Amino acid sequence: MLDQHNHRRAEYDVDLYSDDAILDPYDHYREIRDRGPAVWLPCHDLWAIGRHADVRAALAAHDVLISGRGVAANDEVNKIANNNILATDEPAHGKLRKVIAAPVMPRGLAAVKERIVVTAQEMIDRLVEQGTFDGMRDLAQTLPLTVVSELLGLPESGRQNMLRWAAASFDALGGANDRRDAAFPTILELREFCNNGATRDAVKPGSWVAGLYEAADAGLIDADLVPQFTRDYIAPSLDTTIFATGHLMYHLGQNPDQWDTLRENPRLIGNAINEAIRIEAPIRGFTRYAAADYDVDGTSIPKGDRVIVLFASANRDERHWDQPDRFDLHRVVTDHVGFGFGVHQCMGMQLARLEMRSILEAMIERVARIETGAPVFEVNNVLRGYRQLPMTFHAA
Ligand code: HEM
């Protein structure tokens, strides 16, 4: 197929948001990487960037590949999704981020660390006693649903709905399909809650959302934007970490030698967490809008087109990683893009890391062997993770 300048452009006719591609995306990502640095996806009217070096460069080029017109793979959602932190460009983005990120920066996290550590220890004690359990419901969900949801400070009705709202928010950010359409009523519910439920009087004093109202009082953010930023806390703070924890458990269960290594050498915990997020990026990809022509290693993406930046593909790019499909604790993995890269890099990654680290530290003392069975995957337009993961702990 020729582009507007009569250059041949690489294409790939695939629906990346079909059930099959969601459940088994990696062969499609390899095909995209092999076909070219930027590949046109006619099914979605999108370019795809899948190679590690090109993904990092694209994320760094935030003044050309912008987020301010939304990061979804469908126009309807991009039209209504502006104003939140994910979909704001510099210089406004940097100023806002400083304000809303305060609770998940080191000082904010220090205040909650002890609670996270103790909750993780109690949970692992319970699960060792129990022996066999569902790794998602009984383990991965525990810290996000108990500690993190409380830190946000939402009234009880909000806390109960967080997982449903978060899953729908990510479904809406994918392609224009039935799953996206089915998410709309739930998204409206979330918006209604953020506008009229999570009000100043209803949220817990001292909580993250209460902090947003204080920031508005101090003139640091526009008071009208508090509901938007409340969504920035609700949507990405649970499922992402829950899924990453599930992947971490699964891979440690499948690689008992690596669990032994981690127990002998807990200094590798940080690496284990990064490696789990590398091998199964919980957010598979988000899009950007080309505000000007953008060159990807010789392929030009014209101004006005949209491009999906595939974090999950970059993390398995054989041009960058040796044996990318292998979970390896010893890999130098600091440049994975599972948390994104550049100005929009994950705001909550220190919190996610703290939760996962607390679980592993508690397990190292108490669990000699992890058994994991066949996981059941969720089907979500953007997220990758399990609904269920059969697990057994053998006590140390
Ligand atoms: C393992 C868990 C997590 C993963 C894999 C993850 C992944 C990501 C990724 C890939 C991005 C980049 C988006 C982009 O470039 O467009 C991002 C941004 C973001 N994440 Fe996370 N995330 C995780 C946990 C969390 C948590 C716990 C929070 C809680 C506050 C959070 C809040 C955010 C926010 C607000 C942004 C937008 C930042 C911005 O636009 O400046 N995330 N995350």
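**View 1. Helix H4 (residues 75-80) gives the most to the lining of the largest pocket, with 4 residues.** This is a predicted model, where local features need pLDDT of at least 70 and side-chain atom pairs count only at pLDDT 80 or more, while totals for chains, interfaces and linings use all residues. Residues are numbered from 1 along each chain as its sequence is written, and side-chain values use heavy atoms, with hydrogens and water left out. Helices here are DSSP runs (H or I, at least four residues), as are strands (E, at least two), numbered from the N terminus. The pocket holds about 440 Å³ of space, the volume being what is filled by probe spheres set on grid points joined across faces, edges and corners. In total, 22 residues line it, and His 44, Ala 73, Asn 74, Asp 75 and Arg 306 lie nearest its centre. By class, that lining has 6 nonpolar, 8 polar and 8 charged residues. (Nonpolar means Ala, Val, Leu, Ile, Met, Phe, Trp, Tyr, Cys and Pro; charged means Asp, Glu, Lys and Arg; the others, Gly among them, are polar.)

**View 2. The ligand takes up the space of the largest cavity.** On a 1 Å grid over the protein atoms alone, a cavity is a set of points where a 1.4 Å probe fits but cannot get out; a pocket is an open set with protein on both sides within 12 Å along at least five of seven lines, and lining residues have an atom within 4 Å of a point. A molecule sits in one if more than half of its atoms lie within 2 Å of its grid points. Helices H5 (92-100), H12 (226-237) and H13 (239-254) and strand S5 (286-290) are the elements that give two or more residues to the shell around the ligand. That shell has 14 nonpolar, 8 polar and 3 charged residues.

**View 3. Cys 346 (SG) is the only protein donor of the ligand's iron atom, at 2.3 Å.** Donors are N, O and S atoms within 2.8 Å of the metal (3.2 Å for Na, K and Ca); water is not among the atoms, so sites may look incomplete. Look for Cys 346 in the loop between helix H16 (311-314) and helix H17 (349-366).

View 4. A polar side-chain atom of His 93 lies 2.6 Å from a ligand oxygen. For His 344, a side-chain N or O atom is 2.6 Å from an oxygen atom of the ligand.

**View 5. The peptide bond from Glu 90 to Pro 91 is cis, with omega near 0°.** Pro 91 sits in the loop between H4 and H5.

How values were computed: Polar contact = N/O pair within 3.5 Å; in protein donor to acceptor, adjacent residues only side chain to side chain.
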